[in-house]
Structures are given as C-alpha cells and as structure tokens.
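Biologist: Show me the model, and I will ask what stands behind the labels.

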Amino acid sequence: MMNLMHWRLVVAVMDAGNITHAAARVGMTQSGASQAIAQLEESLGAPLFARERRRTVPTALGLRVADEARAMLDALQRIQALSLAAAGTARQTLRLASFPMVFATVLPPVLRRFRQLHPAIDVVSLEASDDEVETLLADGTVDVGVVLNAAPGRQVCPLGEDEWMAVLPLAHPLARAGGSVALADLAAQPFILATGGCSVNAQSLAADAGLALADVRASVRDWTSAYALVREGLGVTLVPALTLPDNRRGLRVTSLAEPLHRAFGLAASAAAIDSAPVRALFAMLREDEAHSL
C-alpha cells in the first residue's frame with residue numbers, strides 16, 4: 001500500500017541520486033528504503049529508477065512521478081501550515097542527522113528535554129554515517145548534525161566524548177598479560193574491523209598512527225556482530241566505550257597504552273545556523289553545559 005513515506009522517499013532518491021543517502025534523509029535504513037521502492041514499483045507496475053553502479057537514476061516515468069510527488073508533498077505542507085495558523089499555533093521543524101551510536105546513547109535525553117522545552121518544534125531525525133552527516137550539513141539537507149572530532153575553530157556544541165577500548169578474547173595472550181594494550185600490538189593481531197557506519201574506526205586510527213591492520217578477518221558495521229566474532233576467538237577489535245555490551249562474558253576489555261578519544265558535538269548547517277529551532281537547541285545545550293560545570 002502506498003503512503004506518504006513512499007512519496008517522500010521517491011523525492012529523496014531523485015534529489016540524492018543514491019538510495020543510501022535518500023534513506024538517511026527520510027530516516028530509513030538502506031535495506032528498508034530499497035524494499036519500499038521495490039514495493040512502490042510493484043504497485044505501479046513499472047520501474048521508477050534504474051541502478052547504475054553507485055547511482056540510482058530515474059526512468060522517464062520516475063521523473064514524472066517524482067514531480068507529482070513533490071507537488072503533492074508541497075501541497076500537504078501548505079495544508080498543515082493553514083491548519084496550524086487557524087489554530088493559532090506556529091510549528092517549526094528541526095532536521096537532525098547522526099550516526100546510530102549517538103542516536104542510541106547520547107541523544108535520547110537531549111531530545112526529550114528539547115521537546116519538553118519547545119513542544120512546537122518538530123524534530124526529524126535522520127540516521128547517517130559520519131561522512132554522510134557532513135554531506136547533509138554541507139548541502140543544507142539537515143539543520144544540525146553530530147560531528148566527530150571537530151576541527152579547532154568550528155562552531156560546535158559539545159555533546160560528550162568516549163575512549164577507544166581494545167576488546168580481546170579472554171584466552172588471548174594480550175588479554176592474559178593484563179594492563180593496557182599498545183595500539184601497534186593490537187593492530188598486528190587477527191582483527192575484527194567494526195565501523196558502526198563511521199569512517200573514523202580502528203583502520204583510520206591505525207593509519208593516523210602510521211600503522212596498518214595486518215590481518216583483517218572480518219569487517220562488520222554492527223558492534224554486536226564484532227563482539228560475537230571476538231568471543232569465538234576469531235580476532236581482536238577496537239571500539240568506542242559507548243558501544244561496549246553489558247554482557248562481557250568471554251571478552252576482555254582494556255584501554256590503550258596511549259589512550260585515544262572521540263569527541264562529538266552538534267554542528268549547524270550554514271543555511272540554518274541562525275534559524276529559531278537551531279538557536280533554541282544550542283541555547284539549551286549551552287545552558288546544560290554551564291550547569292554541569
């Protein structure tokens with residue numbers, strides 16, 4: 001059955017030229033977006049898009065359908081604005097992008113407090129990788145996004161930080177040695193590369209230190225999969241502390257000899273930095289930071 005999400009997704013794929021990026025814009029997973037497009041094409045009885053390498057291009061029908069979908073969604077926004085004006089309520093929207101781990105651990109209390117303080121601002125959350133967040137900010141698709149290790153001078157509201165932790169099987173020689181583990185020693189082991197959908201991961205950290213992961217046995221996006229593989233003794237891994245499981249049976253978690261940290265914060269797009277929703281969110285975060293000092 002067709003619904004508004006299908007039409008929003010069609011427009012997003014047209015604009016992004018890529019199902020993965022389109023899925024992030026409408027708050028869906030890549031697989032969910034692919035299934036939704038397939039369902040819509042089946043309902044219509046004709047393809048809307050053709051897949052060409054890394055791009056998704058519209059068919060002739062897809063171009064016409066996307067135009068009609070865009071007009072329909074614009075009309076819906078006007079109808080909603082009219083109804084809100086008639087009720088004397090001015091609603092606004094804040095579009096926020098983040099990678100999954102921060103959505104799961106850091107943002108829930110922040111967004112709950114924001115909704116309590118500003119019930120007339122609707123928050124639309126989009127899940128994306130750290131690189132995709134930067135792209136969404138740069139093209140103004142989102143108003144704010146969670147960024148990692150912001151460059152000095154960049155205007156960012158801090159959200160927190162965590163430490164990179166080594167995770168090894170209990171019987172591993174480095175685990176039995178006790179204490180911290182050198183990054184060079186860890187990188188030399190059979191390795192489970194866990195990314196969490198981010199470009200900042202064990203591989204990039206090793207490269208920054210002039211090292212290479214010598215023997216990558218598996219590369220996984222999901223942290224839970226990485227822990228399962230480590231428990232099986234297939235390798236070691238390096239993960240952010242916020243992702244560590246409550247059940248650490250079969251695992252030895254230890255810090256690096258020279259600790260590495262991730263700092264994450266909220267940055268605004270150039271187009272939205274002076275908007276009322278962004279100012280309200282940043283004011284709340286600065287007030288919370290001041291109270292925590």
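Modeller: First, a definition: helices (H or I, at least four residues) and strands (E, at least two) are DSSP runs, numbered from the N terminus. This is a predicted model; local features need pLDDT of at least 70, side-chain atom pairs count only at pLDDT 80 or more, and totals for chains, interfaces and linings use all residues. Residues are numbered from 1 along each chain as its sequence is written, and side-chain values use heavy atoms, without hydrogens and water.

Biologist: Where does Asn 149 lie?

Modeller: In the loop between strand 5 (144-148) and strand 6 (157-169). Phi of Asn 149 is near 45°, a positive value in a residue other than glycine. Most residues other than glycine have a negative phi.

Biologist: Why is Asn 149 called partly exposed?

Modeller: Its relative accessible area is 39%. Buried means under 20%, exposed over 50%, partly exposed in between (1.4 Å probe, protein chains only). So Asn 149 is partly exposed.

Biologist: What makes helix 1 roughly perpendicular to helix 3?

Modeller: The axes of helix 1 (residues 4-16) and helix 3 (residues 30-44) cross at roughly 110° and come within 10 Å. Axes are lines fitted to C-alpha atoms, for helices over the stretch in contact, and angles run from 0 to 180 degrees between N-to-C directions. Angles of 65 to 115 degrees count as roughly perpendicular, under 35 as roughly parallel, over 145 as roughly antiparallel, the rest as oblique. Helix 1 is therefore roughly perpendicular to helix 3.

Biologist: Which residues meet there?

Modeller: With contact meaning heavy atoms within 4.5 Å, His 6, Trp 7, Leu 9, Val 10 and Val 13 in helix 1 meet Ala 33, Ala 36, Ile 37, Gln 39 and Leu 40 in helix 3.
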